[in-house]
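Q: I'd like a close look at the aromatic pairing in this model. What pairs up, and what surrounds the rings?

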Amino acid sequence: MTLDYNAIEEKWQSRWEENRIFEADPDEREKFFLNIPYPYMNGFLHIGRLYTYLRGEVLSRYKRMKGYNVLFPFAFHCTGSPIVNAARRIADGEEKQIRILKNMGVSEELIGKFADPEYWTEFFPEMTKVHLRQIGATIDWRRSFITTSLNPHYDRFISWQFRKLKEDGFVIKGAHPVIWCSKCQNAVSDHSRLDGEGEIPQEFTLLKFRHGNDFIIAATLRPETVYGQTNLWVDPDETYVRASVNQEVWIVSLQCAQKLADQEKDVHILENIKGIELIGNSAVAPVIKRAIPILPSKFCDPNKGTGIVTSVPSDAPDDWMGLFDLKNDASLREKYGLCIDDVQCIEPIAIIDSKGWGEYPAVEICKKMNIRDQHDREKLTKAKKEIYKSGFYTGVMNKNCGEYSGLKVEEAKDKIKAMMMEEKEADIMFEPSGKVTCRCLTDCTVKIVRDQYFLAYGDPEWKRLAHEALDNMRFYPEVIRKQFDYVVDWLNNWACTRKVGLGTKLPWDENWMIESLSDSTIYMAYYTISHMITKIEPEMIDDSLFDYIFLGKGNPEEISERIGKDLEFTTSMRKEFLYWYPFDIRSSGKDLIQNHLTFCLFNHVAIFPKELWPKGFGVNGWLMIDKEKMSSSKGNVFTADDMHGKYGADVTRFALMYSGEGIDDPNWETNFVETMGDKLEQWYNFALENYGKGNEEVHYIDRWFDSMVLSILKEVNSLYEEMMFRSAIQRGYFDMQRALKWYLKRTSAPNRAVMDRFIEVQTKILSPFCPHVAEEIWEAIGKEGFISTSAWPEPWKEADESMLQSEEHLKSAIDDIREILKVARIENPKNIYIYTTPEWKWKVVKVASEEKEFKTAMPKLMADEEMRSLGKKVSKFLTTAIKDRIFVERVDERGILNEARGFISQETGADIHIDEPYDPENKADNAVPGRVAIYIE
RNA sequence: GCGGGGGUUGCCGAGUUUGGUCAAAGGCGCAGGGCUUAGGACCCUGUCUUGUAGAAGUCCGUGGGUUCAAAUCCCAUCCCCCGCACCA
């Protein structure tokens with residue numbers, strides 16, 4: 001019979017809904033609360049997210065069958081600027097953005113609506129819900145919500161959280177550099193950029209070179225290289241300015257002067273100065289306090305840094321090539337009035353020992369890469385990167401670096417910078433880490449924003465609490481614990497407010513918006529009451545309500561009166577929260593370890609009492625498609641809807657869950673997926689055809705199969721508990737099916753009770769992965785109610801291990817026969833004689849396995865009359881038994897073989913004779929426990 | 001460099017915590033056979049090398065060591081992947 005996946009999906013999804021089986025309310029059962037991070041609503045759910053989602057989904061189904069009252073809610077994240085920006089692009093009629101929506105499957109006539117950000121927050125949550133529903137989601141949708149001020153209830157909740165954090169001193173204030181558009185007079189977030197996504201403010205050290213009463217300023221990313229300075233570079237054709245900067249006179253590019261004004265400097269431009277005027281002069285370099293010459297070069301960019309560069313030819317390929325050109329090009333020297341003596345004497349100064357390089361890495365790499373001159377930009381950029389990386393990570397300051405010699409570059413860098421700042425020999429400025437262009441086509445710069453608020457994750461006391469929470473948590477898998485420990489220590493203060501985008505306004509400073517990673521840290525608590533709080537008018541909600549619900553503070557009678565509800569309503573919210581909280585597992589992709597999940601932990605320990613701290617985190621890898629990373633350039637980013645359309649819900653679910661587990665990247669194998677539909681259908685047909693049928697007699701092999709099922713079930717159980725779903729499928733489906741095949745091969749007529757039990761167990765084990773087919777089977781075999789809410793199979797007895805072992809003996813006997821047939825090239829065996837192990841050998845093995853040593857085992861055996869009579873044979877066999885570690889458990893070989901005689905005969909095509917005296921080649925003697933002797937004619 | 005994870009038989013991937021039953025599960029691929037009008041569907045068998053009696057040899061990144069015994073323990077070493085942030 002062919003399964004109509006579409007029909008059964010719709011059938012069961014509607015029934016689940018009608019019966020509200022996934023709507024969770026507190027009751028007398030033990031609860032289990034798990035959740036996953038809500039996705040951002042600027043597109044459809046892709047299968048990577050679906051994978052993360054399904055891990056929660058499968059666990060929730062399993063736990064429900066285990067008898068827990070399971071809460072598995074879901075919500076939609078709308079905070080931040082991407083939606084706003086994308087909406088504006090639609091409003092502007094931007095082709096690229098329109099195409100993105102069209103490719104997602106948004107119809108032509110709807111596109112116009114996306115000009116309004118609010119429409120995104122309606123459309124995508126709705127679609128996500130549809131896509132999750134059709135895949136068989138177990139969500140309690142009553143509790144869903146969107147974030148930001150578009151949801152006034154949630155908005156109040158976040159305001160409460162932030163007031164709370166501020167009161168307790170977790171929010172601090174400071175200055176913060178942001179990417180800035182001087183034309184728009186606004187911070188330019190990633191997605192409002194025409195160009196330069198991902199670029200961030202980067203800190204440069206400004207080195208001050210005394211030049212008369214002025215300072216020539218050079219910007220560097222490598223302050224530690226000041227010890228290797230040999231000269232300054234100035235572009236002779238460029239115009240610089242003399243400007244008063246905080247009461248000093250600085251010489252910098254005009255562009256730089258403007259930026260400095262944005263970065264908290266008091267800047268007044270005094271006059272212009274031509275680059276050429278500076279050439280040939282000298283200036284006193286910081287730290288080394290030595291006058292160094294100012295030389296011409298063409299790689300000084302007035303838009304970058306100060307337009308003036310200090311030269312460290314030992315470690316900067318550009319600098320080395322600059323010198324190289326001057327030394328080798330007489331016309332160049334002449335042009336700027338320099339003579340050979342001015343440059344010939346300049347030699348690199350070795351300052352850093354780093355792995356794989358001699359004392360002048362820059363010189364070396366220029367040779368190695370065959371760099372022609374200072375205009376060979378592409379190669380130079382590459383060279384710079386390589387030298388910087390090895391220098392920074394592996395380098396150690398050498399003897400030329402004064403008190404810093406012997407320090408790692410990594411440490412020296414900050415120390416030297418701090419020292420120069422202290423001595424007023426340096427300052428700092430920020431530049432974007434790469435070119436950033438605003439949508440208004442202006443090149444962006446960096447501005448220091450005042451009044452930036454931070455969450456003080458750098459605070460040691462807060463970290464201590466977070467560690468304490470970690471120590472009491474469970475992790476899935478356990479290996480990620482160390483990662484969290486590390487991240488908690490490493491995390492620093494986090495800028496938690498933004499100027500633009502959707503979100504909740506900072507309650508005490510409404511010029512600011514709470515950014516998207518900060519308004520999503522304790523909302524799991526909000527799920528517990530989200531379906532109730534919407535019954536209160538948002539204007540009536542104030543902090544006292546949340547204080548009561550989440551912290552048990554205040555007087556519920558007064559609060560009830562204020563919100564216009566009866567007391568029971570108010571107290572039931574508190575009760576509901578206490579019933580579900582803390583959550584048992586929050587599971588997400590591994591990218592969220594270092595931000596979201598750790599933030600979640602920090603915020604919980606800041607706000608809630610210990611007993612409400614998170615109990616567990618689960619983490620999974622990134623889904624690969626046929627071993628390739630998903631990326632739009634490869635065109636392999638599929639949505640949940642795509643896969644559902646192609647393979648149906650159960651196959652998609654099954655394939656995703658079989659794709660991987662743990663922290664490794666799971667891999668979606670198209671090859672595998674395509675065979676799964678048939679496999680599920682096969683199981684469906686098998687179950688229907690075989691349920692309720694069979695023999696009443698109980699044979700050995702029936703008991704074996706029963707034990708096998710029990711034994712696998714036990715393992716599958718603990719695999720489910722650990723969220724090891726790939727292994728659970730491996731054992732619970734593939735291995736189970738193999739056992740079934742063996743059973744069917746071995747038995748002439750399956751036992752009805754054993755078979756029924758097996759079909760039930762197998763279907764239940766599969767049901768969290770493929771719930772629709774499972775329900776369909778459940779119904780077809782005449783079960784009441786849903787399999788989704790039925791009880792997980794509990795072991796009906798202990799698995800009989802000796803029976804499992806016996807069957808292994810039989811398998812190995814057959815393997816042996818096959819081996820002999822193959823090696824001896826016997827085509828058509830007529831008679832196979834099997835000789836079992838004589839009783840005395842079993843005795844020897846028993847003693848051997850107890851004693852493990854010849855000298856103690858032998859006397860023990862010799863105490864036995866019968867053994868003594870066998871004499872040498874015993875001693876000889878004992879030696880082999882101990883040497884080959886034949887310590888097997890006693891099984892009834894003859895019984896098993898007799899029982900399986902027909903089977904062996906059928907497998908080999910010969911007549912089987914067991915323990916007959918006929919033994920022409922004296923094979924019988926080969927029999928040892930665990931291995932029968934064989935003679936074939 | 002720091003932190004984390006890993007290197008297993010054509011590929012993927014178990015096994016390593018608790019050394020022996022490990023030539024090493026399972027899946028995929030491949031080969032042969034069966035079923036079939038046919039099949040990319042299904043079933044069976046095989047898939048390191050050699051082997052005319054169930055064996056032997058080699059093997060788990062590399063080199064050492066411990067042990068009666070090592071994929072598994074110890075030491076050294078090489079290589080790969082992820083993160084090193086303010087990005088939804």
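A: Happy to go through it. A search of the whole structure finds 78 aromatic pairs; keep in mind that this is a predicted model, where local features need pLDDT of at least 70, side-chain atom pairs count only at pLDDT 80 or more, and totals for chains, interfaces and linings use all residues. Take Tyr53 and Phe72: their ring centres are 5.5 Å apart and their planes meet at 25 degrees, so this pair is stacked. The partners come from distant parts of the chain, 19 residues apart, with Tyr53 in helix H2 (residues 47-65) and Phe72 in the loop between strand S2 (69-71) and H3. Here helices (H or I, at least four residues) and strands (E, at least two) are DSSP runs, numbered from the N terminus. For pairing, rings of Phe, Tyr and Trp (its six-membered ring) need centres within 6.5 Å, and planes under 30 degrees apart are stacked, over 60 edge-to-face, the rest tilted. Residues are numbered from 1 along each chain as its sequence is written, chains are lettered from A and ligands numbered from 1 in the order written, and side-chain values use heavy atoms, leaving out hydrogens and water.

Both partners are buried (under 20% relative accessible area; exposed is over 50%, partly exposed in between, with a 1.4 Å probe and protein chains only): Tyr53 has a relative accessible area of 1%, and Phe72 is likewise at 1%.

A second pair has another geometry. The rings of Phe170 and Trp462 have centres 4.3 Å apart and planes at 45 degrees, so they are tilted. Phe170 sits in the loop between helix H7 (152-167) and strand S3 (171-181), and Trp462 in helix H16 (residues 460-471), so this pair ties together parts 292 residues apart in sequence. Phe170 is buried at 12% relative accessible area, and Trp462 is buried at 0%.

Along with Leu50, Trp668 and Phe769, Tyr53 touches the most other members of the largest nonpolar core, which has 132 residues. Such a core is a set of buried Ala, Val, Leu, Ile, Met, Phe, Trp, Tyr and Cys residues joined through side-chain atoms within 4.5 Å.

Seven of the 10 residues of H3 (residues 82-91) are buried, so H3 is largely enclosed by the rest of the structure. Pro82, Ile83 and Arg89 are among the buried ones.
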